[in-house]
2 protein chains.
Amino acid sequence: MKLLHHPERKDILLSSVLYALSDPVRLQIVAQIHRGGEQACKSFEVPIAKSTLSQHVRTLREAGITHTRIYGTQRLLSLRSEDLNERFPGLLDAVLRSYGESREEIELRQEYEKQGS
Amino acid sequence: MKLLHHPERKDILLSSVLYALSDPVRLQIVAQIHRGGEQACKSFEVPIAKSTLSQHVRTLREAGITHTRIYGTQRLLSLRSEDLNERFPGLLDAVLRSYGESREEIELRQEYEKQGS
DNA sequence: TCTATAGTTCGGTAATTAACGAACAATTGA
DNA sequence: TCAATTGTTCGTTAATTACCGAACTATAGA
């Protein structure tokens, strides 16, 4: 059983969080977890190879945005909303709300549907 | 007289804004403008060469975060707060508040003071 | 035990980025 | 007109990143 590294709340850095959220694929993952709750990587609808997805998921975890829980062969991701709200009040909500209203999600989804799964 | 490109409000992208804000130097610049109002590049207290600063300033402008006004030999930068608030409500405030309370600014400033100007 | 599923790691490529100094351009002010 | 100030552009280097497929690990379920 592999141990996954998660930064402590106090060690979560603003610039790292912003960087992790600045990638369209990672934003999409975060938005999907926000809407659907804890879920496994296989459910993320993103137009990339699974090895690439694995890297993005790691980036989110190491930035302190997500928590990864091992469940069988799956990795269940959830948002560390409480930690983020404590450390950067309002930031996550503002990002999620803005993303929901943007056309960036639509564009990514189109790519995903073109590629198929 | 060179023309500077500024994206229109509707063309400001969330991921580009987050990316531009994810660099410690650029965050410091944004925080300084927020506190001191419109100001020239020479007043930014960041530990980098002026050619590098010029690039960072361009990144902020092209992401839609700052507006650059030409005044003599200077470029006066201001925050496009209204555009950003309209497009991504609460985002800029959350970032600025979080940055102000973080230790990231302190660390950058220490580097700046070490290097001298 | 065997197979399928879920995800990670590795090795490699291509693209992007941050950084610098030197040279340049534009403007101000002496 | 000349020098100083302010910032940009260029060429280069080093580091990081995104991406992929192939091989691998671990677990679940037949």
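Which residues line the largest cavity?

## Largest cavity

The model is predicted. In chain B, the largest cavity is lined by Val17(B), Leu21(B), Ile65(B), Leu84(B), Phe88(B), Leu91(B) and Leu92(B). Two elements of chain B give two or more residues to this lining: α1 (14-21) and α5 (91-101).

The space in the largest cavity is about 40 Å³. Its lining counts 7 nonpolar residues, with no polar and no charged ones.

How many cavities reach 30 Å³ or more? The count is 2.

## Relation between the chains

Two copies of a chain are related by a rotation about an axis and a shift along it. What rotation superposes chain A on chain B? A rotation of 180° does, with 0.0 Å of shift along its axis and an RMSD of 0.0 Å. The two copies are therefore related as by a two-fold rotation axis.

The interface follows. Of the interface residues of chain A, 100% are also interface residues in chain B, so the copies meet through the same surface.

Definitions and conventions: Residues are numbered from 1 along each chain as its sequence is written. Chains are lettered from A and ligands numbered from 1 in the order in which they are written. This is a predicted model: local features need pLDDT of at least 70, side-chain atom pairs count only at pLDDT 80 or more; totals for chains, interfaces and linings use all residues. Side-chain values use heavy atoms; hydrogens and water are left out. On a 1 Å grid over the protein atoms alone, a cavity is a set of points where a 1.4 Å probe fits but cannot get out, and a pocket is an open set with protein on both sides within 12 Å along at least five of seven lines; lining residues have an atom within 4 Å of a point. Grid points are joined across faces, edges and corners, and a volume is the space filled by probe spheres set on the points. Helices (H or I, at least four residues) and strands (E, at least two) are DSSP runs, numbered from the N terminus. Ala, Val, Leu, Ile, Met, Phe, Trp, Tyr, Cys and Pro count as nonpolar, Asp, Glu, Lys and Arg as charged, and the others, Gly among them, as polar. Copies are superposed by least squares on the C-alpha atoms of residues with pLDDT of at least 70 in both. Contact means heavy atoms within 4.5 Å.
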